[in-house]
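Let's read through a protein model together, one feature at a time. Keep the picture open as we talk.

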Amino acid sequence: METLSTSRAFDGIQGVYRHASDVTGTDMTFAVYVPPHEDGARLPVLWYLSGLTCTHANVMDKGEYRRACAEAGIVFVAPDTSPRGDGVPDDDAYDFGQGAGFYVDATEEPWAANFRMRSYIEDELPALIAAEFPVDMARQGITGHSMGGHGALTIGLRNPDRFRSISAFAPIVSPLHCPWGDKALTGYLGPDRAAWRNYDACALIEDGARVAELLVDQGQADGFLVEQLKPELLAAACDDAGIDLTLRMQAGYDHSYSFISTFIADHVHWHAARLS
């Protein structure tokens, strides 16, 4: 692991790091904030998965999470959204290819060799974080925004023994039922929609995935709300399954980091209470 930069914030350390990923076959860059702590302490960790077009830098620069993480004593990890670099396939559209990995393991060419973000987030990067940072991997939470909210929900639902807490900001709750998901999952996984169900939060719940509770914040002025996000589908799935969903519809808020930065401290403290 190579350290690209570090800076002091709220008496903790915000760092940016790079490593060679065997899973994606590329170098991968990620950000980690480690709050102030006593020597030898092992801290809970909160994963943050970003949305379309983003890197680790978006939430690091605009997310305003560090004060809350320092207060709660929680490590904050922000990976990239896809593999990148020369030789990595790409697409001219913003919602497919580099910057739009959708947290799946692609099976279709030419994407299958590099676009393995599910394995990267679920397996490879956690092993590196556990080896290099003062974290207690028995206490993990996961959150994310938009495409990253989809990633947080699906990864959390597939791994309920690993993640004690799951939340999301304006998540794509059902790629099976929106244009973004239809395009991405067709491209990465092929036309068999049954193969998509493992990457759809509502379908996972319908197929038996269970967690105790979920927290979702959604802006009512979000331009993607009706066509792409459809939180009512998640509400219906959770209601049928007996999952305690706290869905907070926030009046006047859109899809931007102004929305995320307003409520991210709530999420950090919500996760911290469940990881204590």
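**Starting from one residue**

Q: Is Q228 buried or exposed?
A: Buried means under 20% relative accessible area, exposed means over 50%, and partly exposed is in between, using a 1.4 Å probe and protein chains only. Q228 has a relative accessible area of 7%, so Q228 is buried. Before going on, keep in mind that this is a predicted model, where local features need pLDDT of at least 70 and side-chain atom pairs count only at pLDDT 80 or more, while totals for chains, interfaces and linings use all residues. Residues are numbered from 1 along each chain as its sequence is written, and side-chain values use heavy atoms, with hydrogens and water left out.

Q: Where in the fold is Q228 found?
A: Helices (H or I, at least four residues) and strands (E, at least two) are DSSP runs, numbered from the N terminus. Q228 belongs to helix 7, residues 225–229.

Q: Which residues does Q228 touch, leaving out those up to four places away in sequence?
A: A contact means heavy atoms within 4.5 Å. By that rule, Q228 touches I172, C178, P179 and W180. Take I172: 56 residues separate Q228 from I172 in sequence, yet their C-alpha atoms are 6.5 Å apart in space.

Q: How many helices and strands does the protein chain have?
A: The protein chain has 9 helices and 9 strands. As for contacts with a separation of 6 or more, 71% are between residues 24 or more positions apart.

Q: Why does the radius of gyration of the protein chain agree with a compact globule?
A: The radius of gyration is taken over C-alpha atoms, and the globule rule is 2.2 Å times the number of residues to the power 0.38. For 276 residues a compact globule would come out near 19 Å, and the protein chain has 17 Å, which agrees. Along the principal axes, the C-alpha atoms fill a box of roughly 50 × 45 × 35 Å. Of the 276 residues, 59% count as buried.

Q: How many disulfides are there?
A: A disulfide is a pair of cysteine sulfur atoms within 2.5 Å. By this rule the count is 0. C202, for instance, is in no disulfide, and its nearest cysteine sulfur, that of C238, is 7.4 Å away. Seen from C238, the closest cysteine sulfur is in C202, and 7.4 Å is too far for a bond. C202 has 4% relative accessibility, so C202 counts as buried; C238 is buried too, with a relative accessible area of 1%.

Q: Which residues should I look at for backbone angles?
A: S146 has a positive phi of about 60 degrees, although S146 is not a glycine. You'll find S146 in the loop between strand 6 (135–144) and helix 4 (147–158), and its 3% relative accessibility makes it count as buried. A170, also not a glycine, has a positive phi near 45 degrees. A170 sits in the loop between strand 7 (163–169) and helix 5 (179–189), and A170 is buried, with a relative accessible area of 0%. Now for omega: the peptide bond from E109 to P110 is cis, with omega near 0 degrees. Look for P110 in the loop between strand 5 (75–78) and helix 3 (117–132).
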